[in-house]
Amino acid sequence: MKKADLHYYVTSYFRSYLPGQKNLSGNTVSGYADAFRLLFRFCEEKKGLRVDRLKISDFDSGLVCGFLDWLETERGCSVSTRNQRLTALHSFFRYLQKQSPPDMEAIQGILDIPYKKTAMAVVPYLSEDQMKILLSMPDAGKKEGFRDQVLLSLLYDTGARVQELADLKVKDIRTESPAVVTLHGKGNKTRQVPVMTKTRKLLETYLEHYRYDPGISRGDNQLFTNQKKGKLSRWGISYIINKYVEKAKAEKLLDIDFPVTPHVFRHSKAVHMVRAGINLIYIRDFLGHVDCSTTEIYARIDTESKRKAIEKACKDILPEQEYKDWTTDTDLMAFLESLTKG
């Protein structure tokens, strides 16, 4: 093998290391691959380095920092996206450090590149009443509408990630008491979550009328399929959600200023569980988080509970009086207008 054979190491990293030793999900591997596609594009377009001739020695902290800056300035990527790309590169060069000791110094320089600090993101969620409105939008009297109602109800009730919902098969559903849904999450981790009585009844009815594919075993049928009987994709689920959000807005039943993505259902379920007084440890396990630090964000954003606690504990000492409309004070208005004249 030639010294510093980058192509060999990249291929081994994606084919063996990530899915085998690291046991990462297909979505994570795909995200890492996107980072490398962009990196190689940057090398060709901005550095004049042909991909088929790239060597490990071509990479150092300067090149990688230039790539990260290019993502932000020319591609308009957010700091969060920049940090995600850097995570993928850090992972590869940590792997490479063990495979190619002679290049350790340059590799260490890349590993020392810090992540950029980002502002705390505002987590969007729907209130209980807003979620109830959205879940009522599908026309359950029609086949497609009933499927959509089951899909939206299950997405909310389980707090599932969109890919976890898309991957569900009939065998993952248990409607007998206690009714549970088996979700297959990140890193091939599996968890079982309970479902409420109404969701269980929806699932029972849905499965009673389900048209199974005779070519495969009953349990291996996808729970949700598209019009072509294929697996419903993440984008298909997003389309379904957006359709009913727009319907609710058109009927003036929903007034929100943020996009309702599948993850908003997950956020909403978590916030509602916090408001119900459920322990964060249980919510962590329910959502499939690694530790409580991720789950705590939902306790921090629950402003309604904070407001009620403050109102209960603190006295309102603001004076009770009606304030004069200062815009009717002609002398004050004349004074303000005089300040704007040169």
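Predicted model: local features only at pLDDT ≥ 70, side-chain atom pairs only at ≥ 80, totals over all residues.

Me: How many helices and strands does the protein have, and what makes a run count as one?

Reply: There are 15 helices and 3 strands. A helix is a DSSP run of H or I with at least four residues, a strand is a run of E with at least two, and the numbering starts from the N terminus.

Me: Why are helix 3 and helix 4 called roughly antiparallel?

Reply: The axes of helix 3 (residues 61-73) and helix 4 (residues 79-99) cross at roughly 150° and come within 9 Å. Axes are lines fitted to C-alpha atoms, for helices over the stretch in contact, and angles run from 0 to 180 degrees between N-to-C directions. Under 35 degrees counts as roughly parallel, over 145 as roughly antiparallel, 65 to 115 as roughly perpendicular and the rest as oblique. Helix 3 and helix 4 are therefore roughly antiparallel to each other.

Me: Which residues make that contact?

Reply: Helix 3 brings Val64, Phe67, Leu68, Leu71 and Glu72, and helix 4 brings Val79, Arg82, Arg85, Leu86 and Leu89. Contact here means heavy atoms within 4.5 Å. By class, the contact of helix 3 with helix 4 has 7 nonpolar, no polar and 3 charged residues. For these classes, Ala, Val, Leu, Ile, Met, Phe, Trp, Tyr, Cys and Pro are nonpolar, Asp, Glu, Lys and Arg are charged, and the others, Gly among them, are polar.

Me: What makes helix 1 roughly perpendicular to helix 4?

Reply: The axes of helix 1 (residues 6-21) and helix 4 cross at roughly 110° and come within 11 Å. That angle makes helix 1 roughly perpendicular to helix 4. In this contact, Leu6, Tyr9, Val10, Ser12, Tyr13, Tyr17 and Leu18 of helix 1 meet Ala88, Ser91, Phe92, Tyr95, Leu96 and Gln99 of helix 4. The contact of helix 1 with helix 4 divides into 10 nonpolar, 3 polar and no charged residues.

Me: Why is Lys116 called partly exposed?

Reply: Its relative accessible area is 37%, so Lys116 is partly exposed. Buried means under 20%, exposed means over 50%, and partly exposed lies in between (1.4 Å probe, protein chains only). Lys116 lies in the loop between helix 5 (104-111) and helix 6 (128-135). Not counting residues up to four places away in sequence, Lys116 touches Glu72, Val79, Arg82 and Asn83.

Me: How do you know that the strands pair, and in what order do they stand?

Reply: Two strands pair if DSSP finds at least two bridges between them. Strand 1 and strand 2 pair over 2 bridges, and strand 2 (residues 180-184) and strand 3 pair over 5 bridges. The 3 strands form an open sheet in the order 1-2-3, with antiparallel pairing. Strand 1 (173-174) and strand 3 stand at the edges, each with a single partner strand, so one side of each is left without a neighbour in the sheet.

Me: Why is strand 2 described as largely enclosed?

Reply: Because 4 of the 5 residues of strand 2 are buried, the strand is largely enclosed by the rest of the structure.

Me: What makes the bond between Ser177 and Pro178 stand out?

Reply: Most residues other than glycine have a negative phi, and most peptide bonds are trans. The bond joining Ser177 and Pro178 is cis, with omega about -5°, and Pro178 is found in the loop between strand 1 and strand 2.

Me: What is the phi of Lys252, and is the residue buried or exposed?

Reply: Lys252 has a positive phi of about 55° although it is not a glycine. With a relative accessible area of 75%, Lys252 is exposed.

Notes
Residues numbered from 1 in each chain as written. Heavy atoms only, no water.
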